[in-house]
Amino acid sequence: MGSLDISKHELTVLVTGFGPFKEQYPVNPAWEITASLPDHLPAERVKDAAARQAPADLPAVRIVKHGPIRVNYEVVRDLVTTLWDNPERKVDYVIHVGMTGPQHVYSVERRGHRDGYDKLDVDGQLLGDEQRREREGDKWIWNDVPDELLTDLDVDRIYKRWVERSPKNLRLRISEDPGHYLCDFIYFSSLAHLYKQQRPRKVVFFHVPLHPDRESIDRGRELVLQLIRSIVEVEAGK
C-alpha cells in the first residue's frame with residue numbers, strides 16, 4: 001500500500017461480518033453489527049476524557065462494510081484476495097467481525113492459525129488443507145507461510161485506548177486463540193495474504209457474543225466504532 005500521510009488523506013477501514021450460522025443462529029450479530037455501522041467514523045465527543053488525549057489532526061475515516069459472508073471455507077478463501085486487492089478501492093485497515101459463545105465477552109484477537117481446521121462449515125464441508133497440502137506440495141496456497149501469524153497492529157496499545165473509551169461494565173480482552181474455525185480462518189487468510197505480498201498486516205479480528213437483540217447490536221456497533229478510533233489514533237501516534 002505504500003506510505004501514507006494520514007494527516008492529509010481519508011483513511012478507509014473495511015469491516016466484514018459473517019452471515020447465518022446453521023439453523024441455530026439464523027441471525028448472526030457479527031453481520032448485524034457490521035451492517036449498522038455508519039459510512040464515516042463520527043466526530044469525537046470532546047467531553048470524553050479519552051478524546052482530550054487523542055492525537056490532533058486525525059484524518060477522516062471512511063467505513064466500508066462487506067457481508068454477510070457465508071460461513072464456508074472456500075467462500076472465505078476466494079473472498080479474502082478481493083478484499084485486499086480491489087483496484088477500485090484503497091483499504092488501510094480491515095476488521096473482521098465474528099460471533100463466539102453466549103458469555104458477554106468482547107475479544108480482540110492477536111493471532112491467526114494456519115492448521116487445525118477440523119470442523120464442518122455450514123455446507124457440511126471440511127477445509128481439507130492437509131490433503132491439499134500433500135497433493136499440491138510447494139504450490140499449496142500457504143506453502144512457506146508460518147503456522148501462526150500475528151497482526152502488525154499494536155494490539156496492546158490499541159486495547160488500552162479502546163478500554164479507556166468503552167463502558168466500564170463490559171468485559172473486554174485480548175485473545176490469543178480465535179478458535180480454529182471460520183473466524184480464525186478468515187483472520188489467518190488475511191494475515192497470510194499480506195504476509196505473502198510482504199505488506200503490513202493491518203488487520204484484526206473482533207469476536208462478539210452470539211446475542212442478536214437490539215441492545216447487543218447497539219453495544220457491539222459502539223465497540224467497533226471505538227476500536228476503529230483506537231486503531232487510527234495509535235497508528236497516528238507512531
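Biologist: Which residue does V15 stand opposite in strand 2?
Modeller: V15 stands opposite K65 there. This is a predicted model, where local features need pLDDT of at least 70 and side-chain atom pairs count only at pLDDT 80 or more, while totals for chains, interfaces and linings use all residues. Residues are numbered from 1 along each chain as its sequence is written, and side-chain values use heavy atoms, with hydrogens and water left out.

Biologist: How many bridges pair strand 1 with strand 2, and in which sense?
Modeller: Seven bridges, in the parallel sense, with strand 2 covering residues 61–69. Two strands pair if DSSP finds at least two bridges between them. The strands (E, at least two residues) and helices (H or I, at least four) are DSSP runs, numbered from the N terminus.

Biologist: What about strand 3?
Modeller: Strand 3 (residues 93–99) runs parallel to strand 1, and five bridges join them. G17, for example, has V97 as its bridge partner in strand 3.

Biologist: Is strand 1 buried or exposed?
Modeller: Eight of the eight residues of strand 1 (residues 11–18) are buried, so this strand is largely enclosed by the rest of the structure. Buried means under 20% relative accessible area, exposed means over 50%, and partly exposed is in between, using a 1.4 Å probe and protein chains only.

Biologist: Which residues point which way from strand 1?
Modeller: L11, V13, V15 and G17 point one way, and T12, L14, T16 and F18 point the other way. In a regular strand the side chains alternate between the two faces of the sheet.

Biologist: Which residues does T34 contact, leaving aside neighbours within four places in sequence?
Modeller: T34 is in contact with V15, T16, G17, K65 and V97, where contact means heavy atoms within 4.5 Å. T34 is found in helix 1 (residues 29–35), and counts as buried because its relative accessibility is 0%. The T34 side chain also reaches the backbone oxygen of A30 at 2.7 Å.

Biologist: Changing topic, how many aromatic pairs are there?
Modeller: The structure holds 13 of them. Rings of Phe, Tyr and Trp (its six-membered ring) pair if their centres lie within 6.5 Å; planes under 30 degrees apart count as stacked, over 60 as edge-to-face and the rest as tilted.

Biologist: Where do Y73 and Y117 lie?
Modeller: Y73 lies in helix 3 (residues 73–84) and Y117 in the loop between strand 5 (111–113) and helix 4 (129–136), so the pair ties together parts that are 44 residues apart in sequence. Y117 also forms an edge-to-face pair with F185, at 5.4 Å centre to centre and 75° between the planes. F185 lies in helix 6 (residues 182–196), so that pair ties together parts 68 residues apart in sequence. Both Y117 and F185 are buried.

Biologist: Which residues do ring pairs link into a cluster?
Modeller: F21, Y25, Y73, Y117, W140, W142, Y181, F185 and F188. The charged end of R77 sits over the ring of W142, 4.6 Å from its centre.

Biologist: And R229, is that residue buried or exposed?
Modeller: R229 counts as buried because its relative accessibility is 8%. R229 has its place in helix 7 (residues 214–236). Not counting residues up to four places away in sequence, R229 touches L41, P42, A43, E44 and R165.

Technical notes:
A charge sits over a ring if NZ of Lys or CZ of Arg is within 6 Å of the ring centre and within 35 degrees of the ring normal. A polar contact is a pair of N or O atoms within 3.5 Å; within protein, one must be able to donate a hydrogen and the other to accept it, and residues adjacent in sequence count only if both atoms are side-chain atoms.
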